[in-house]
Amino acid sequence: MKLKGNIISGQTAGYGEIATDGNLIVSIKYSGEIQPDADWIVPGFIDTHIHGIGDGEAIGDGIGIMAKFAPETGMTGFLPTLATSSEESTLQYLQTVRDNMRELDGSRILGAHLEGPFLELAHRGGMDRAQLRTPDAGEVKAWLECAAGVLKIVTIAPELAGADTVIRMLHDSGIAVSLGHTGMGAEALPAAVDSGISRVCHLFDAYEGRPVDSGVSQVALADAVLTDDRLMIELICDGFHVPSGLVRLAVRAAGVERIVAISDAMPGTGKPDGIYAEPDGRLYKLENAGVCRFVEPPHEITGSCLTMNRAFANLIFKFGFSPVEAALMTSCNPARSIGLGDIYGMLTPGYTADIVVLANDLTTVKETIINGKKMLG
């Protein structure tokens, strides 16, 4: 297969031709500068934090439904993300992810992400408080046995009793442990990172504001995160969860190589505005070009309805980054953050042929190619 257009390969962008053979990229040849009227050929988008899309959600048969819908948004790989759930439901989810990874029917399922259940009550956000619990090494052992290598990320509040043991267990098993839904102070971050934290769950969302002592601003947890080069940082790039100024601040402070753009999308994303239900039955209102909010007062935000092609466009048009930088944050960095950066996330000879063709508006998905095969277009 050969495609012509404006190609983003690593740190390079220009007009040229990309060729694939089977499931691999075999060559990229540039022939000139970017052409404004040409299509854009970019690495397939990877979402490492997504709860649902279309009619699918990260439980049961919904995971396969997510995979089938995802190519419409240019997403070639993702981690279906389970919000805080019961012990039984968590194990069922891990087994379902394993089963769905065996076949490629739509976008590639790259593994599992558990957002909880070991989260801090006051910073739970939209999580079901009834399912929050204390870190338990026995439960984690059951996860690891059931997952058999497919568990990629676990989000945890490090200040909870027993968290240190659990973090070390997960880290030693090759799982990215993500700091999130936490009230931990900035002073505790270095020790948490030393114990195995390597990632930050949706920075600026469900975080405390800056502490002030006698009129003097103190270091906030978000500040400490941005200046610790050992951490990869998730950002929801819809322009609502994180204002434009904070997105630019985060990239300026941490560097583009440490930012992982995520959707944190809910079931219904990509469908018409309407009322949808969480797995536990709680109703939320989805408004496209907006967010998802619970129907019941005080109408708190429970997630986004962002798609990854829109996240890519937002990084360029809302937040002021270049297409090359946007591709790093939506494709390359997500793959690296879960240990798959040597085969996915870049348009480079020898890498898997996961490719998205966008119209010249840098938003509209024209073709989605996964493992060298057209899944859309």
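Leaving aside neighbours within four places in sequence, F312 is in contact (heavy atoms within 4.5 Å) with I8, V42, F45, P323, A326, A327, T330, L358 and L362. This is a predicted model, in which local features need pLDDT of at least 70 and side-chain atom pairs count only at pLDDT 80 or more, while totals for chains, interfaces and linings use all residues. Residues are numbered from 1 along each chain as its sequence is written, and side-chain values use heavy atoms, with hydrogens and water left out.

**Nonpolar cores**

- A nonpolar core is a set of buried Ala, Val, Leu, Ile, Met, Phe, Trp, Tyr and Cys residues joined through side-chain atoms within 4.5 Å; buried means under 20% relative accessible area (1.4 Å probe, protein chains only).
- The largest nonpolar core comprises 83 residues, and L203 and F312 have the most contacts inside it.
- Helix α9 (residues 323–337) supplies the largest share of this core, six residues; helices are DSSP runs of H or I, at least four residues, numbered from the N terminus.
- Another core, of eleven residues, lies apart from it and includes L3, I18, L347 and I369.

**Cysteines**

- The structure holds zero disulfides (pairs of cysteine sulfur atoms within 2.5 Å).
- C237 is in no disulfide, and the nearest cysteine sulfur, that of C201, is 13 Å away.
- C237 counts as buried because its relative accessibility is 1%.
- The closest cysteine sulfur to that of C292 belongs to C305, at 4.8 Å, which is too far for a bond.
- C292, at 0% relative accessibility, also counts as buried.

Definitions and conventions. Buried < 20%, exposed > 50% of the residue type's maximum accessible area, 1.4 Å probe, protein only. Helix = DSSP H or I, 4+ residues; strand = E, 2+ residues; numbered from the N terminus.
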